[in-house]
Amino acid sequence: MKLRTPYFKDNFSEDQPYDSLILIAPYCDFSCKGCQNIDLFKSPIKDYDISVLAEVILENPFVSGITVGGLEVLKSGMNFMLDLGELIKLANISRVTIYSRFELDDENLFIFLEKIKDLECVTELYCKTGEYIEGLGSKISNFYYKGNPWSICLGSKNQDFNIIKGSELVRLAVNDDCLK
Ligand code: SF4
């Protein structure tokens, strides 16, 4: 089974409270002004064996989860989403972070997150949400993760970093301490 992505990279720790393998979603047609991922549109998309990606995760003692960022996961097609689910199951991944331009109240994003949450191995689910608006300014979300301070940088001030806990969707505010 193959997963189509421009690239992946392990030991990624910038935008979620753990080290992860980041996978780039391969497609987006939003054309946001000032898109920060413009280079990714030019990257060739390759097919990677899901078993190879799972091995990269399982063999790296520092990586404890996966992040899906880059272009827009919800625009990247059903196959990408299904293959992602297969990878999560195969590598027994407990921590997942999704970046999306959609808001949490978007029905399709909600359904997609529910599907990930339903995977037995997933115990921690995070989602960075919201449109990138050029010139609005960035924002840092500070919070505690398992007792340690952690900062997440959001590209524009309207975006949110959300923790999905059980059946709840928890929207993080700056200096929130809901994981303490
Ligand atoms: S949603 Fe993200 S990747 Fe897509 S055009 Fe907007 S900023 Fe770029």
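User: Where is the place of Ser 31?

Analyst: Good place to start! Helices (H or I, at least four residues) and strands (E, at least two) are DSSP runs, numbered from the N terminus. Ser 31 sits in the loop between strand 3 and helix 1. A word on the source: this is a predicted model, where local features need pLDDT of at least 70, side-chain atom pairs count only at pLDDT 80 or more, and totals for chains, interfaces and linings use all residues. Residues are numbered from 1 along each chain as its sequence is written.

User: Is Ser 31 buried or exposed?

Analyst: We count neighbours. A residue is buried if 20 or more other C-beta atoms lie within 10 Å of its own, exposed if 12 or fewer, and partly exposed in between, with C-beta atoms placed from the backbone. Ser 31 is exposed because it has 7 other C-beta atoms within 10 Å.

User: What is the phi of Ser 31?

Analyst: Here is the general idea: most residues other than glycine have a negative phi. Ser 31 has a positive phi of about 55°, although it is not a glycine. Asn 92 is also a residue other than glycine with a positive phi, near 55°. Asn 92 lies in the loop between helix 3 (78-90) and strand 6 (95-99), and it is partly exposed, with 13 other C-beta atoms within 10 Å.

User: Which residues are around the ligand?

Analyst: A residue is near a molecule if its C-beta atom, placed from the backbone, lies within 6 Å of it. Around the ligand are Cys 28, Phe 30, Ser 31, Cys 32, Cys 35, Gln 36, Asn 37, Leu 71, Glu 72, Arg 101 and Tyr 132.

User: Which residues touch the most other members of the largest nonpolar core?

Analyst: A nonpolar core is a set of buried Ala, Val, Leu, Ile, Met, Phe, Trp, Tyr and Cys residues joined through C-beta atoms within 7 Å. The largest one here has 35 residues, and Leu 21, Val 68 and Ile 88 touch the most other members. Strand 3 (residues 20-25) gives this core its largest share, 5 residues.

User: What does Val 68 touch?

Analyst: Two residues are in contact if their C-beta atoms, placed from the backbone, lie within 7 Å. Leaving out residues up to four places away in sequence, Val 68 touches Leu 23, Ala 25, Val 73, Leu 84, Ile 98 and Tyr 99.

User: How many helices and strands are there in the protein chain?

Analyst: The protein chain has 4 helices and 11 strands.
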